[in-house]
Amino acid sequence: MKVLLIDDHQMVNSGLASILEETGNFNITGQINSLTQAKDFLETAVSSKKEQFPSLIILDILLGDENGLDFLPFLETFCKKNKIQRPPVLVCSILEETFRIQSALKMGASGYICKTGSNNELLNAIKKILNGETYIPNEYSTKVLSSLGLYEKFTKRELEIFEMIKKNKTNKQISQELGINIRTVENHISNLYFKTGASNRIELLKL
């Protein structure tokens, strides 16, 4: 089982590699610290007759200035283009908010584990997603599943803006980071209010 690790902290990658290699069931095919490197890695893997193409990807969210979840739609498109079965992705992050987990699942992750979890939880999560199941930590599963309908109502852009609101970004900051007009940001936020029933930013932050 070939595993690609994507985390901008080498100690984390090394730790995950050690845990997985000790089981004897996994071969770490790459330890990557940015999305650019990850995309280059996949291109190289394909050109080398897919011998190093991963069977599983473990992905962090916070990759410097990059959002690791942006890798998920890229991976989907890349695999379709190259006629390769899309490997499952397990998100492994220090972020433990419910909406983060939901965002990851909505964008195509097969599971989500917090970095505070145990080695056994990591291996159990991998076992589940390799069996085609979705893994969510027990302490978050009820809340995540109960909010599933809410987040599925969001468009991709609305979800991006919702995540930025959760980071206490202003409308101006959101406009600049996404490269869209501030009036467009306001329109998206109005849609978020309508879809969630929230009447202001404070209520959005509580979701």
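**Entry 1: α4 and α8**

I started with how two helices cross, and I found that α4 and α8 make a left-handed crossing. I'm keeping in mind that this is a predicted model. Next I looked up the geometry: helix α4 (residues 98–106) packs with α8 at an angle of about 160°, and their axes are 11 Å apart.

Which residues make the contact? From α4 I noted Phe 99, Ser 103 and Lys 106, and from α8 I noted Leu 159, Phe 162, Glu 163 and Lys 166. Sorted by class, this contact of α4 with α8 has 3 nonpolar, 1 polar and 3 charged residues.

**Entry 2: Lys 166**

I went back to Lys 166, which sits in helix α8 (residues 156–166). Is Lys 166 buried or exposed? Its relative accessibility is 17%, so Lys 166 counts as buried, the cut-off being under 20%. Leaving out residues up to four places away in sequence, I listed what Lys 166 touches: Phe 99, Leu 204, Leu 205, Lys 206 and Leu 207.

**Entry 3: α1 and α5**

Then I checked another pair, helix α1 (residues 10–23) and helix α5 (residues 119–130). Their axes come within 11 Å and cross at roughly 65°. That makes α1 roughly perpendicular to α5. I noted the crossing of α1 and α5 as right-handed.

On the α1 side, the contact uses Leu 16, Ile 19, Leu 20 and Thr 23, while α5 brings Asn 119, Leu 122, Leu 123 and Ile 126. My tally for the contact of α1 with α5 reads 6 nonpolar, 2 polar and no charged residues.

Technical notes: Residues are numbered from 1 along each chain as its sequence is written. This is a predicted model: local features need pLDDT of at least 70, side-chain atom pairs count only at pLDDT 80 or more; totals for chains, interfaces and linings use all residues. Side-chain values use heavy atoms; hydrogens and water are left out. Axes are lines fitted to C-alpha atoms, for helices over the stretch in contact, and angles run from 0 to 180 degrees between N-to-C directions. Helices (H or I, at least four residues) and strands (E, at least two) are DSSP runs, numbered from the N terminus. Angles under 35 degrees count as roughly parallel, over 145 as roughly antiparallel, 65 to 115 as roughly perpendicular and the rest as oblique. A crossing is left-handed if the near helix is turned anticlockwise from the far one by less than a right angle, and right-handed if clockwise. Contact means heavy atoms within 4.5 Å. Ala, Val, Leu, Ile, Met, Phe, Trp, Tyr, Cys and Pro count as nonpolar, Asp, Glu, Lys and Arg as charged, and the others, Gly among them, as polar. Buried means under 20% relative accessible area, exposed over 50%, partly exposed in between (1.4 Å probe, protein chains only).
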